[in-house]
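Reader: I have the sequence and the model open side by side. Please take me through the fold, one question at a time.

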Amino acid sequence: MAALTSSQEARELDADTILELLANRRRRYLLYALRGQEDPIELSTLAETVAGWEHDVPPDEVAKNEYKSVYVSSVQCHVPKLDDAGVVDHNEDNHTVVLADNFEQLEPYLQIVVEDEPENSTLHAALQTESGDGLLGQIRENVARLKQ
C-alpha cells in the first residue's frame with residue numbers, strides 16, 4: 001500500500017504504542033475498514049461498518065443505538081488516539097478519516113491479530129473479499145514463506 005499523506009510527521013512507534021493501539025477491538029475494526037482505501041471515508045460510514053462487524057450483521061441492519069455507540073466512541077476516543085499516533089488523519093471539519101504514514105508500522109501486527117477474529121463472521125467475509133488476495137490471503141502467504 002502506498003504511503004498516504006499525513007498532517008503529522010511520520011515517527012517510529014514504540015512497542016507499547018503499537019500494542020495499545022491494537023489492544024482495542026473497535027480500533028482494529030476501524031483500521032480493517034480503512035485498509036486499502038485511498039480516499040477519506042466519512043466517520044459515519046466507518047461506524048456503520050464497524051457496528052455491523054461487531055454485531056455480525058450487514059451495515060444497513062445495524063440498530064440505531066449500536067451505531068451510535070460505535071460512532072460516539074470513535075469520535076471521542078478511538079480516532080483521536082489513532083490520529084495522535086499518526087496512524088490516521090482525521091479531518092474534523094468534514095468528519096472523514098484516512099490512513100496516514102504510520103499505519104505501515106501497524107500493518108504487520110494487524111495481520112497477526114486478525115487471526116483471532118471470528119471465522120464465521122461478516123468481518124471475516126469482508127477481509128477475504130478485499131482487493132487483491134485480501135488480508136487473510138496475505139497472511140497465508142507469509143506463513144507459507146516462513147515455513148520454507
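**Strands, helices and core**

Author: This is a predicted model. Begin at the hairpin of S2 and S3, where four residues lie between the strands and histidine 95 has a positive phi near 55 degrees.

Reader: Is histidine 95 buried, partly exposed or exposed?

Author: Histidine 95 sits in the loop between S2 and S3. Its positive phi occurs in a residue other than glycine. Buried means under 20% relative accessible area and exposed means over 50%. At 40% relative accessibility, histidine 95 therefore counts as partly exposed.

Reader: Which residue of S3 is the bridge partner of asparagine 91?

Author: Strand S2 covers residues 88-91 and runs antiparallel to S3, with four bridges joining the two. Along this pairing, valine 88 stands opposite leucine 99 in S3. For asparagine 91, the bridge partner in S3 is threonine 96.

Reader: Which residues of S3 are buried on each side?

Author: In a regular strand the side chains alternate between the two faces of the sheet. In S3 both faces are covered. One side holds Thr96 and Val98, and the other holds Val97 and Leu99.

Reader: How many helices and strands are there in the protein?

Author: From the N terminus on, the elements run α-α-β-α-α-β-β-α-α-α. Among contacts between residues at least 6 apart in sequence, 67% join residues at least 24 apart. The count of elements is seven helices and three strands.

Reader: How many residues of helix H2 are buried?

Author: Helix H2 spans residues 25-34 and is mostly covered. The buried residues of H2 are Arg26, Arg27, Arg28, Tyr29, Leu30, Leu31, Tyr32, Ala33 and Leu34. Of its ten residues, the number buried is nine.

Reader: What lies at the two ends of H2, and what phi does glycine 36 take?

Author: At the start of H2, a side-chain oxygen of asparagine 24 comes to within 2.8 Å of the backbone nitrogen of arginine 26. Just after H2, glycine 36 has a positive phi, and the value is about 85 degrees.

Reader: Why does the pair of tyrosine 29 and tryptophan 53 tie together parts that are apart in sequence?

Author: The structure holds three aromatic pairs. Tyrosine 29 and tryptophan 53 form one that is edge-to-face, at 6.0 Å centre to centre and 85 degrees between the planes. Because tyrosine 29 lies in helix H2 and tryptophan 53 in helix H3, the pair ties together parts whose separation in sequence is 24 residues.

Reader: Which residues have the most contacts inside the largest nonpolar core?

Author: In soluble globular proteins, nonpolar side chains tend to be buried together. Here the largest nonpolar core has 32 residues, and those with the most contacts inside it are Leu31, Tyr32, Leu46, Val87, Val88 and Leu106. Elements that give two or more residues to this core include helix H1 (15-23), H2, helix H4 (64-84) and strand S3 (96-99).

Reader: Which residues does leucine 106 touch, not counting residues up to four places away in sequence?

Author: Leucine 106 is among the core residues with the most contacts, as are Leu31 and Val87. Leaving out residues up to four places away in sequence, leucine 106 touches Leu13, Ile18, Leu21, Leu22, Leu31 and Val87.

Reader: Where does aspartate 56 lie, and is aspartate 56 buried, partly exposed or exposed?

Author: Aspartate 56 lies in the loop between H3 and H4. Its phi is positive, about 55 degrees, although it is not a glycine. Given 39% relative accessibility, aspartate 56 counts as partly exposed.

Notes
Residues are numbered from 1 along each chain as its sequence is written. This is a predicted model: local features need pLDDT of at least 70, side-chain atom pairs count only at pLDDT 80 or more; totals for chains, interfaces and linings use all residues. Side-chain values use heavy atoms; hydrogens and water are left out. Buried means under 20% relative accessible area, exposed over 50%, partly exposed in between (1.4 Å probe, protein chains only). A polar contact is a pair of N or O atoms within 3.5 Å; within protein, one must be able to donate a hydrogen and the other to accept it, and residues adjacent in sequence count only if both atoms are side-chain atoms. Contact means heavy atoms within 4.5 Å. A nonpolar core is a set of buried Ala, Val, Leu, Ile, Met, Phe, Trp, Tyr and Cys residues joined through side-chain atoms within 4.5 Å. Two strands pair if DSSP finds at least two bridges between them. Rings of Phe, Tyr and Trp (its six-membered ring) pair if their centres lie within 6.5 Å; planes under 30 degrees apart count as stacked, over 60 as edge-to-face and the rest as tilted.
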